[in-house]
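This report describes a protein structure through its computed features. The sequence and the structure are shown first, and the description follows.

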Amino acid sequence: MMLGYLLARAGIEVLILEKHADFLRDFRGDTIHPSTLQVMHELGVLEEFLKRPQWEFLDFLALQGRRYPTFHLRMQAEVTGLIEEQGRIAGLNANTPDGALEVRTDLVVGADGRNSRVRDCSGMEVKDVGAPMDVLWMRLSKRAGDPELLFRADRGKVLAMFDRGDYWQCAFPIPKGRAEEMRRGSIENFRASIVELASFLGDRVTELRDWNDVKLLTVRVNRMRQWYRSGLLCIGDAAHAMSPVGGVGINLAIQDAVATANVLAGPLRNGVISIDDLARIQRRREFPTRLTQRVQALMQKQQARGLGRAGPTRLPWPLRLLERMGLPRRIRTRLVGVGMRPEHVKTPDVYLGD
Ligand SMILES: Cc1cc2nc3c(=O)[nH]c(=O)nc-3n(C[C@H](O)[C@H](O)[C@H](O)COP(=O)(O)OP(=O)(O)OC[C@H]3O[C@@H](n4cnc5c(N)ncnc54)[C@H](O)[C@@H]3O)c2cc1C
């Protein structure tokens, strides 16, 4: 969505296909970090964005995009395959409520997340980095007087909570493969684990009536060896699925989008996109991606080892190391919030004559 917005703003025809009917974020978190806020600032929409809840982020981007005549968004349009002609990706096929859709284009960008259909259809290789945990994902109502709680960890259990206005979106990480075993046990034990971590939820934990109210989100961490081929580029989780650890995945996907627009706006306007252009994007974004995945993998390993173990929960070692190094809090916060190699908007708003 961010790439579509940036390119439409630069005067390029864009069609975004989204398989769902809305952008409800049931399958991902919604932490927006300073790197993304900086991008919004550079686009001149930060103040407006800050008036809205973070979980409306994609709706907000769509609203901004629609201000430009070259921005087109089709909801309930699910990409099913790629069109290949003489070794080049020349378009795609999708299913919509009105029937089959065929799109021909200079470039297909796969930004369809960690289960990317575009990537699967491309035949390109994916390297699994490994994820030792999954996440149980559920809603509990939010009430007046609730603390501003985001994260609780104690005796091998972790609970993260996202404020979604009138409810809490709760995440409870578990070791990979344990979900079935847990589901065979009683929901009462699970409810008790939640209350142990956040006692104020005791008055509403019965909203989890049975295991049907608790979803399993499968965590994947992987990356494509090559993010592109002629006529096709993958970015965000499609190119490199991120773990929820650190809540950085959305922000990395936004950085990919900004870098892609910066490199491709010119070539797209001229209608000639070379393999070198696409390679430049991977070269630019691969280093921050690999480094972030490496740190996430270390933290995941540590967290997964601690999950289900009695005794106080220790900070993952990379964080303890940072603590011991005595780096000022400002620098540590910057590493998570801004990340490595932050991207800046270099594409114009052609309608303003930037
Ligand atoms: C449990 C969990 C919690 C997380 N929490 C956080 C967090 O708090 N903060 C954070 O920054 N990151 C978090 N992450 C990581 C984050 O969700 C991803 O890194 C981020 O969403 C990637 O953005 P994306 O745009 O590449 O893909 P996505 O956000 O997955 O978006 C892909 C879009 O493509 C659509 N789509 C998929 N297939 C098709 C198709 N065939 N045709 C058309 N449309 C399609 C989807 O509906 C979706 O809207 C979490 C991940 C997990 C697993």
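## F23 and its surroundings

In this predicted model, F23 is located in the loop that connects β1 (14-17) and α2 (34-42). Its C-beta atom has 16 C-beta neighbours inside 10 Å, so F23 counts as partly exposed; the buried class would require 20 or more.

When residues up to four places away in sequence are left out, F23 touches L58 and D59. D59 stands 36 residues from F23 along the chain, yet a separation of 6.7 Å is computed between the two C-alpha atoms.

## Helix α4

Helix α4 comprises residues 57-65, and its buried residues are F57, F60, L61, Q64 and G65. These residues lie on the same side of α4, because they cover an arc of only 140° around the axis.

The elements that cover the buried residues of α4 include α1 (2-9), α3 (46-50) and β2.

## Overall composition

The protein chain contains 11 helices and 15 strands. It has 354 residues, of which 36% count as buried.

Contacts in the protein chain between residues at least 6 apart in sequence were also classified by separation: 72% of them join residues at least 24 apart.

## The largest nonpolar core

The largest nonpolar core holds 78 residues, and the members that touch the most other members are L6, L7, L233, I235, A257 and A261. The greatest contribution to this core comes from helix α8 (residues 249-270), which supplies 12 residues. Domain 1 (2-129 + 220-305) and domain 2 (133-217) both contribute residues, so the core lies between them.

A257 illustrates the contacts of one such member. Apart from residues up to four places away in sequence, A257 touches M2, L3, L6 and I235. Two of these partners, L6 and I235, are themselves listed with A257 among the members that touch the most others.

## The sheet β3-β4-β5

Three strands form an open sheet in the order β3-β4-β5, and their pairing is antiparallel. The edge positions are taken by β3 and β5 (99-104); each has a single partner strand, so one side of each is left without a neighbour in the sheet. On average, neighbouring strands of this sheet are turned by 25° against each other, direction ignored.

The antiparallel strands β4 and β5 are joined by six bridges. Within this pairing, A94 has L101 in β5 as its bridge partner.

V103 also belongs to strand β5. With 16 other C-beta atoms within 10 Å, V103 is partly exposed. Not counting residues up to four places away in sequence, V103 touches L15, G91, L92 and A94. The C-alpha atoms of V103 and I83 are separated by 8.8 Å, and these two residues are 20 residues apart along the chain.

## Loop residues with positive phi

Most residues other than glycine have a negative phi.

Q76 has a phi near 55°, a positive value in a residue other than glycine. This residue is placed in the loop between β2 (71-74) and β3 (78-85). Q76 counts as partly exposed because it has 15 C-beta neighbours inside 10 Å.

For Q86, phi is near 50°, again a positive value in a residue other than glycine. Q86 sits in the loop between β3 and β4 (88-96).

Strand β9 (residues 151-154) pairs with strand β10 (residues 157-163) in the antiparallel sense, and four bridges connect them. Within this pair, R152 stands opposite L159 in β10.

Together β9 and β10 form a hairpin with two residues between them. R155, located in the turn, has a positive phi of about 45°.

Definitions and conventions. Residues numbered from 1 in each chain as written. Predicted model: local features only at pLDDT ≥ 70, side-chain atom pairs only at ≥ 80, totals over all residues. Buried ≥ 20, exposed ≤ 12 C-beta atoms within 10 Å, placed from the backbone. Contact = placed C-beta atoms within 7 Å. Core = buried A, V, L, I, M, F, W, Y, C linked by C-beta atoms within 7 Å. Domains from an automatic or database assignment. Arc of directions from axis to C-beta. Pairing = 2+ DSSP bridges. Axes fitted to C-alpha atoms, helices over the stretch in contact; angles between N-to-C directions.
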